[in-house]
Each structure stands twice: as structure tokens, then as C-alpha cells.
Amino acid sequence: MRALSARGTSKSEIARLLQVSEGTVRYHLKRIEGAIVDGRSRQALKAAALSEVIDAWRERQAGRVNLVALHQFLQTEYGYAGSLKSVQRYYKRTYPAPAIRVRRRVETPAGAQAQVDWAHFPGVWVDGAPTDLLALHMVLSFSRMEAIIWSPSKTMLSWLSCHSRAFERLGGVPATVRVDNEKTAVVRGAGAWGVINPTYRRYANALKFHVDACPPRQPRCKGKVERKIADQRLSLSPYGEHFADVAALQAWTDQRLEARAIRRICPATGSSVEDAWRAERDVLTPLPDPLFEPFDAAVLARVGTDGLVAFEGRQYSVPFRFVGQTVEVRGVAGAVEVWKGGERIARHDRHTSRRVLLLQSHYDGPSTPEVIAPPPLGRMGARIQELAALPAPMRSIEFYAALAEVAR
């Protein structure tokens with residue numbers, strides 16, 4: 001009432017805003033103008049009877065004082081019948097307010113950091129039915145350029161896939177990515193003492209960024225992405241809209257983010273977010289071309305003399321020239337990929353019923369100075385491989401006929 005009255009707001013308007021009667025407004029403003037003290041503030045507080053006990057309890061505390069714990073202590077040990085509010089009122093009136101802890105505000109340089117976090121949106125209307133979706137937010141800390149990627153789950157593959165799609169929209173990879181302590185990012189602990197998920201670390205190494213885990217219970221340490229999530233819930237909310245599929249929702253979101261980037265001002269530069277992003281994009285690490293598929297499992301394996309590597313209880317062939325070398329085997333969505341020196345050298349189906357997956361082309365080619373090429377299949381061996389590729393109903397008839405032909 002005091003603030004509204006100082007602005008010149010009429011008493012009837014104040015009453016309407018606060019949903020009270022105009023007489024109530026007049027009564028309180030009169031007391032404020034006359035500096036009339038509320039008589040209740042002069043009454044003795046109930047907790048004052050235990051002032052010595054509270055003093056002794058306060059001296060034993062280290063750090064912040066928990067008044068809920070104090071109230072429970074007084075109830076248990078001294079039969080205190082007052083409410084928690086009475087203890088809080090006494091403590092506030094008796095002891096000085098704690099010192100204010102100052103937060104250091106930091107503006108990171110261009111290309112130094114992006115902040116990432118999930119936002120949950122249950123009941124978005126997609127394909128004629130309410131659907132629970134998650135939105136991964138990635139914000140460049142310098143320019144405030146943002147990307148929002150929709151996903152139906154928070155699995156490791158979803159986490160990495162959303163990262164890749166966000167990096168594509170932002171035009172590159174920053175030096176560090178500040179993340180929350182999700183299990184897909186930090187498998188144990190939190191913050192600087194947390195253990196980064198090995199799969200996520202390999203992904204970060206492949207794209208050349210450092211994983212910076214946020215300290216626990218300190219949302220201000222990733223305040224830029226927290227602010228963008230709050231903005232989305234207010235001005236980019238998908239509720240009230242109907243989408244044919246998630247792709248349509250993604251296109252709807254991308255379009256609105258592009259329009260917002262033109263209107264919004266970047267605090268670090270004073271220009272529009274889009275102009276600041278265009279300048280920052282030049283210092284981001286370029287994405288690999290082509291960009292590899294996200295993987296939820298990755299191991300280092302040595303290629304055996306039979307040209308096979310072991311992964312997830314199965315064996316997969318690779319080109320024979322890599323025999324004796326250590327390669328990286330990745331499990332992506334529906335496939336197993338083998339990488340060496342930043343190059344994909346083999347790809348096979350994943351989670352099949354077979355335990356050995358071979359490509360005979362991996363054994364073809366000339367010898368190298370380090371590896372001697374295996375002997376060729378020969379006429380019968382090549383024909384058997386052709387028959388193996390036939391559909392099952394035809395395989396038995398063609399197989400025996402071909403063997404007879406080769407034998408003749």
C-alpha cells in the first residue's frame with residue numbers, strides 16, 4: 001500500500017488491486033502516515049522465556065543456523081509449545097541479520113562456454129494425443145544465442161543426439177559446456193569432484209570441448225540457461241498448439257527462436273543476439289564433416305589376427321590392414337561403428353542374434369608393410385559367399401546346385 005500510494009495510485013485502485021475494501025486501505029494508510037506502531041510489536045515473545053537456551057544453542061552452531069532444528073530442539077528438550085513462526089520472530093528481533101554473501105558476476109568471452117539443461121513439458125499435444133516431451137536447452141554464454149531440441153526421453157543416445165543437433169544450430173562447439181549433474185553427464189558425485197560419464201567424455205573429446213559440471217544446488221552457476229528455460233515456459237510454450245509430429249514442433253520452435261534472436265539485445269555487446277552470435281560463431285570449433293552419430297557405448301579394442309574386434313559379446317570384422325592396432329568401437333542407434341584416427345573404418349548392425357558379423361570385403365586388398373593380406377577366397381569360397389546373401393527359401397536349392405557345378 002505504501003509503495004502504490006507513493007506512485008500516486010488512488011485508494012480505490014489500490015483496493016481493487018489488493019482485493020480489499022477501500023476502508024481497509026484508508027485505515028492502513030492513515031496508520032502509516034501517522035507512524036502509528038502496531039501494539040503487537042511491543043508484546044513479549046513466547047520464545048524469550050528460553051533466551052539463555054537459544055543463546056547456548058546458537059553458540060554451538062557452525063555456519064548457517066537452521067531455525068527448524070532449533071524449534072524441534074526446544075519442543076523435545078524443553079516442551080516448548082510455541083510455533084515455528086514464534087521462534088523465527090524472536091530470532092529475527094534478537095540477533096543481527098547474517099552477513100550478505102556477494103556473488104561474483106562473470107561474463108565469459110566469445111566461444112568460451114555454453115550452458116545446457118533439460119526442461120520437462122508433460123502433455124504437449126502431438127499427433128492427436130498429449131505427449132510427455134523434454135526440451136534440451138543450449139545457450140552460448142557470450143552472445144546468448146540458444147537452441148532448443150525436443151526429445152521423448154533422457155537416455156544417453158538422446159542426450160548426445162540433442163547435443164549434436166544443438167551444436168549444428170549454433171554453428172560450432174564452444175570450449176566448455178556447463179552441464180547439470182545428470183547421470184548421462186556425471187555418473188558419481190557432483191560438480192568439480194564428480195566423475196564424468198565415460199561415454200559423454202569420449203563424445204566431448206571427439207568434438208573437442210571440456211565438460212564443466214555445475215556445483216550442486218547452485219542454479220545461479222548456470223543462470224543463463226535457467227533463465228532461458230523460464231522464458232520458454234512464458235513465451236515459447238507449446239501448450240495450446242497442436243503439432244502433427246515432433247518434427248513439426250521442432251520446426252515451430254526453431255522459427256520462433258530465429259525471430260527472437262533478431263529482436264533481443266545481447267548484454268555483452270549491446271547489439272542484437274543474432275549479430276553477436278555471428279561474431280562468436282567465427283571462434284567456435286567447427287563440427288566434423290560429416291558429423292558422426294551419437295553413441296551410448298564406446299570401448300578401445302585390439303584387432304585380432306583374424307581381423308575381428310570384440311564388443312558387447314559379439315565379434316565384428318574390420319579391414320585387415322588394422323590387424324594388431326587399437327581401434328575405438330562405438331555403439332550407435334542400431335549399429336556398431338569402428339573408428340581409427342578420426343575415420344570410420346567399419347559399420348555393422350547392432351544387437352543382432354548373430355555372434356560373428358563379417359564383411360568379406362574387409363579381407364580384400366594388397367598387403368601393407370606391416371600386415372600380409374590373407375589368401376583370396378577362391379572360386380568356391382566366393383560362390384558360397386554369394387549364396388549366403390540369398391533369401392533363406394532359395395538358399396538350400398541354389399547352394400547344393402552351385403557346389404555340384406564347382407565340383408565338376
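Keep in mind that the model is predicted.

**The four-stranded sheet**

Let's start with an open sheet. Its four strands follow the order β8-β11-β12-β13, and the pairing is antiparallel. Two of them sit at the edges: β8, covering 295–302, and β13, covering 343–349, each of which pairs on one side only. Going from one strand to the next, the twist averages 25 degrees.

Zoom in on β8 and its partner β11, which spans residues 326–332: the two run antiparallel and are joined by seven bridges. If you want a spot to look for, find Arg 302, which stands opposite Thr 326 in β11.

Which helices lie across β8 and β11? One is α7, made of residues 156–170, which runs at about 95 degrees to β8. Another is α8, residues 198–207, and this helix makes an angle of about 80 degrees with β8.

**A hairpin and a parallel partner**

Next up are β9 and β10. Strand β9 takes in residues 308–311 and β10 takes in residues 314–317; four bridges hold this antiparallel pair together. Together they form a hairpin, with two residues between the strands. Ala 310 has Gln 315 in β10 as its bridge partner.

Gln 315 turns up again on the β14 side, where its bridge partner is Val 356. That strand, β14, is residues 356–357, and it pairs with β10 in the parallel sense over two bridges.

The strand pairs covered so far look like this:

| Strand pair | Sense | Bridges |
|---|---|---|
| β8 and β11 | antiparallel | seven bridges |
| β9 and β10 | antiparallel | four bridges |
| β10 and β14 | parallel | two bridges |

Now for the backbone. Most residues other than glycine have a negative phi, and most peptide bonds are trans. Against that background, a few places are worth a look.

Where is there a cis peptide bond? Follow the chain from Asp 289 to Pro 290: the bond there is cis, with omega near 5 degrees.

Arg 144 isn't a glycine, yet its phi is positive, near 70 degrees. You'll find Arg 144 in the loop between β2 (129–140) and β3 (146–151). Is Arg 144 buried or exposed? Its relative accessibility is 7%, so Arg 144 counts as buried, given that the cut-off for buried is under 20%.

Glu 312 also has a positive phi, near 55 degrees, and is likewise a residue other than glycine. This one is in the turn of the hairpin, in the loop between β9 and β10. With a relative accessibility of 32%, Glu 312 counts as partly exposed, because that value falls between the 20% limit for buried and the 50% limit for exposed.

**Cysteines on their own**

Last stop: the cysteines. A disulfide is a covalent bond between the sulfur atoms of two cysteines. How many disulfides does a search of the whole structure find? The count is zero. Cys 162, for instance, is in no disulfide: the nearest cysteine sulfur is that of Cys 214, 20 Å away.

Cys 162 is buried, with a relative accessible area of 2%. Cys 266 is buried as well, at 1% relative accessible area.

Methods:
Residues are numbered from 1 along each chain as its sequence is written. This is a predicted model: local features need pLDDT of at least 70, side-chain atom pairs count only at pLDDT 80 or more; totals for chains, interfaces and linings use all residues. Side-chain values use heavy atoms; hydrogens and water are left out. Two strands pair if DSSP finds at least two bridges between them. Axes are lines fitted to C-alpha atoms, for helices over the stretch in contact, and angles run from 0 to 180 degrees between N-to-C directions. Contact means heavy atoms within 4.5 Å. Buried means under 20% relative accessible area, exposed over 50%, partly exposed in between (1.4 Å probe, protein chains only). A disulfide is a pair of cysteine sulfur atoms within 2.5 Å.
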